[in-house]
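Reader: I have a structure to look at and I'm new to it. Can we go through it together?
Author: Go ahead and show it.

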There are 2 protein chains.
Amino acid sequence: MSHFADRLLQAIEHKGSPICVGLDPVLERLPESLRDGVSPGRGEDAISAIEAWCNEVLRLVAPVVPCVKIQSACFERYLWPGLRTYQRLVAEARALGLIVIGDVKRGDIGASSDHYAAGCLADPPYTDLGPVAGPDAVTVNPYMGADALEPFVRIAREQNKGVFALVRTSNPGGERIQALKTSDGPAVADRVADLIAETGDAAGLIGSRGYSLLGAVVGATVPADAARLRKLMPRQIFLVPGFGAQGGGADDVRACFNSDGLGAIVTASRSVIYAHEKQDTADWRSAIEQAARDMAHEVRAIIP
Amino acid sequence: MSHFADRLLQAIEHKGSPICVGLDPVLERLPESLRDGVSPGRGEDAISAIEAWCNEVLRLVAPVVPCVKIQSACFERYLWPGLRTYQRLVAEARALGLIVIGDVKRGDIGASSDHYAAGCLADPPYTDLGPVAGPDAVTVNPYMGADALEPFVRIAREQNKGVFALVRTSNPGGERIQALKTSDGPAVADRVADLIAETGDAAGLIGSRGYSLLGAVVGATVPADAARLRKLMPRQIFLVPGFGAQGGGADDVRACFNSDGLGAIVTASRSVIYAHEKQDTADWRSAIEQAARDMAHEVRAIIP
């Protein structure tokens, strides 16, 4: 198995578009037929319905997209049985040949940071616990500094995996901390970007195509920020949420790519997985497939 | 059940010292007798040994301390069976009458933030999934702004629970982001403190003793910071890690309290739960009990 960035770029070339479908399942938005048997207050019913649906979504999008991002929060709300489903889906998606990003946004220090890296990213060493594969990459929160990143980067290096650190998020509330100007001029997000570039560009972390295994989450709703962050982190692959449902458009997304047309992967969740809500069709499967194809086409047309 | 801050202060008065014991179990550091039956590579063996030990530690410290903090990362490294153990221990600790902080450091936006609050803090509405109680409070990461806090604060208000937002962490690496000076002068951590005070001091969130259900994590290794943050957040209860093993001393801790002697709870993990390593005794139970008593005494002597 080769370097994470090389694998991701290869998968993007193979499928023809740098996109990622986010699995953020919410019971209330599943196609009605799947919700029929779920009794209120029965968590096992709910998480089973969600698992069945996610497995179908994975099969529908696998031929079209290189990558999926699975939102841990949606599963954790169903406590440990939810995490079991999340971990099964990670293994299932990898078995389908998809690059799998576990959207866990963990961040801690010292030994706790090691534990999170071992539990959320590594291929587990246990022979008796559930699925055998961790995701290909995870998202992490850098507020606690390099300590929050290093164990993840170490495991990524050892197991040919990747890490995406939050730098600039797509929500309006993120502004309040991330857009603060520091006394030297740059915004807090820019200084986080410096930390990510410095940590991610160390010896042994860059793949054969010039990209690091440590990437960055950069929301597609602030184009001026994206252009600036692109310059600060030339070797980071950007994971770009906010396209579609969150309001990000073509210009916002374009600024996230390098001039070689590489360096970013655009992710959308609700606009794809809940496509059946808009299209007024009983055939939710075709609605999702079509939405994934449309998104692939749309993003391909944007790339520099 | 009353307001979280009132309950916490009452528990502190009842037990006589504002301390919290952190459960950060690591297999290698358990008393040897408990590790005997664990085969390498068998996750179920490891997590069972950890659960048995944690249950004993809870019973040992419950008569001495008002509060425990359970580190989710240590359990998540054992995948979903680890989370099951974590969730059982939360319920067990609450049943012992302890105030329980789930140290989960989650942070996300929009619906994902709602899901984390539901999964990590709320008392679950399911009748069929594992334990019936969420923790009394959780830690959260504010890098994504108010969005990352609000669902937790809402559930805390509805269910008389609490939230501790990371403001200034005790690790040297935290410096790099949290101590950055902003263009107006204050450090990033101070601006995060403003956000916490503003969010936490809204109508309906302050208890009868004047403290908010939204508190702050402020490391006990930077005393000048603590004094400044104490002024910026007079109504926040500080959860103060870094005492003991991480190097925080009396002066660092003192600055975290208000002049009324309230407003902080000091947490230590390794110096208590691994006390048997230092004391060269076969009786690890007495070593832990004694270390908890010593810590209670030490912190009581520090309070203004």
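Reader: At what angle do helix 3 and helix 14 of chain A pack?
Author: Helix 3 (residues 43-61) of chain A and helix 14 (residues 284-302) of chain A pack at about 45 degrees, and their axes are 9 Å apart. Axes are lines fitted to C-alpha atoms, for helices over the stretch in contact, with angles from 0 to 180 degrees between N-to-C directions. Helices (H or I, at least four residues) and strands (E, at least two) are DSSP runs, numbered from the N terminus. This is a predicted model, where local features need pLDDT of at least 70, side-chain atom pairs count only at pLDDT 80 or more, and totals for chains, interfaces and linings use all residues. Residues are numbered from 1 along each chain as its sequence is written, and chains are lettered from A and ligands numbered from 1 in the order in which they are written.

Reader: Which residues make that contact?
Author: Helix 3 of chain A brings A:E56, A:V57, A:L60 and A:V61, and helix 14 of chain A brings A:R285, A:I288, A:E289 and A:A292. Contact here takes C-beta atoms, placed from the backbone, within 7 Å.

Reader: What kinds of residues are they?
Author: Five are nonpolar, none polar and three charged. Ala, Val, Leu, Ile, Met, Phe, Trp, Tyr, Cys and Pro count as nonpolar, Asp, Glu, Lys and Arg as charged, and the others, Gly among them, as polar.

Reader: Switching to the two chains. How many residues does each put into the contact?
Author: Chain A gives 61 residues and chain B gives 61 residues.

Reader: Which helix of chain B gives the most?
Author: Helix 6 of chain B, with eight residues on the side that touches chain A. That side of chain B has 27 nonpolar, 20 polar and 14 charged residues.

Reader: How many bridges join strand 1 and strand 2 of chain B?
Author: Four, between residues 19-23 and residues 67-71. B:G22 stands opposite B:K69 in strand 2 of chain B.

How values were computed. Two residues are in contact if their C-beta atoms, placed from the backbone, lie within 7 Å. Two strands pair if DSSP finds at least two bridges between them.
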